[in-house]
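Have the sequence and the model side by side for what follows.

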Amino acid sequence: MAKKLTKRMQNLINKVDCKKIYDITTASATVKSLASAKFDETVEVALSLGVDPRHADQMIRGAVVLPNGTGKSVRVAVFAKGAKADEAKAAGADVVGDEDLADQIKNGDLNFDMVIATPDMMALVGKVGRILGPKGLMPNPKTGTVTMEISKAVSNAKSGQVNYRVDKKGIVHAPVGKASFDAKKLEENIIALVKNINKQKPASAKGKYIKNATLSLTMSPSLTLDAQALMDLK
């Protein structure tokens, strides 16, 4: 039996033209009008890509620092020793350690949103990979989270870096701000994200790269974006 829509959701659906293809500017303004929760809802982009994630060369993964941030305070954990640990602390990392940080994770204490590691720490990080991986926290060179440039990595994380990865269905989900953001700031963030994803297009991918795209809030119906216009962003 189909679940009955709440009055709130029905009212939101009535505000959306389900047949309309929105440009980024219009969508950014419209999505703000759909805010109805008692908290500052996250604005999310979903892109259905013409890739097959089963092939390693079509596993789209990357990171981008959004020009206007994500609107979220990010807690950063860093695996590092010695001078690099000091560098991480000076840059504002919330948790810094090596064996002690690994033990913390094993004990279920994951009070952070992003994990960064120096290359020499990856053998240790690998021991907690089964915990970090499913939560999307495993450091990776492609997202700039395995690096010797610790200060820069921590700064990027704190400034609004978004790590994205295509799922098994070929879809990328990524936050681009909050409902409280100005529409122009949302638009700028969306453009930055899509440009970065466009750069990741594998040579082996055939056909249309961005097949479908939507923009939505945490608790709202989706707006359909102009996929061709997104692909044209370079």
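Asp-113 has a relative accessible area of 32% and is therefore partly exposed; buried means under 20% relative accessible area, exposed over 50%, and partly exposed in between, with a 1.4 Å probe and protein chains only. The model is predicted, so local features need pLDDT of at least 70 and side-chain atom pairs count only at pLDDT 80 or more, while totals for chains, interfaces and linings use all residues. Residues are numbered from 1 along each chain as its sequence is written, and side-chain values use heavy atoms, with hydrogens and water left out.

Which residue pairs with Asp-113 in a salt bridge? The partner is Lys-72, with the closest N and O atoms 3.5 Å apart; a salt bridge here is a side-chain nitrogen of Lys or Arg within 4 Å of a carboxyl oxygen of Asp or Glu. Asp-113 sits in the loop between helix H4 (99-106) and strand S5 (114-117), and Lys-72 in the loop between strand S2 (61-65) and strand S3 (76-79), so the bridge ties together parts that are 41 residues apart in sequence. Helices (H or I, at least four residues) and strands (E, at least two) are DSSP runs, numbered from the N terminus. Lys-72 is partly exposed because its relative accessibility is 49%.

By this rule the count comes to 5 salt bridges. In one of them, the side chains of Arg-54 and Asp-52 meet at 2.8 Å, N to O. Arg-54 counts as exposed because its relative accessibility is 75%, whereas Asp-52, at 19%, counts as buried. Another salt bridge joins Lys-84 and Glu-87, at 3.0 Å, N to O. These two are 3 residues apart in helix H3 (residues 82-91), so about one helical turn separates them. An α-helix has 3.6 residues a turn, so residues three or four places apart point the same way. Lys-84 is partly exposed, with a relative accessible area of 23%, and Glu-87 is partly exposed as well, at 25%. Salt bridges with shared partners also link Arg-75, Asp-94 and Lys-158 into one network.

Beyond its neighbours within four places in sequence, Leu-47 is in contact (heavy atoms within 4.5 Å) with residues including Ile-171, Val-194, Ile-210 and Leu-230.

Helix H2 (residues 24-32) has Ile-24, Ala-27, Ser-28, Thr-30 and Val-31 buried. Their cover includes strand S1 (42-49), helix H8 (183-199), strand S8 (210-217), strand S9 (223-224) and helix H9 (227-231). At the start of H2, a side-chain oxygen of Asp-23 comes to within 3.1 Å of the backbone nitrogen of Thr-25.

Helix H8 also holds Asn-189. Is Asn-189 buried or exposed? Asn-189 counts as buried because its relative accessibility is 0%. Not counting residues up to four places away in sequence, Asn-189 touches Leu-66, Pro-67, Asn-68, Gly-69, Val-176 and Phe-181.

Note on methods:
A polar contact is a pair of N or O atoms within 3.5 Å; within protein, one must be able to donate a hydrogen and the other to accept it, and residues adjacent in sequence count only if both atoms are side-chain atoms.
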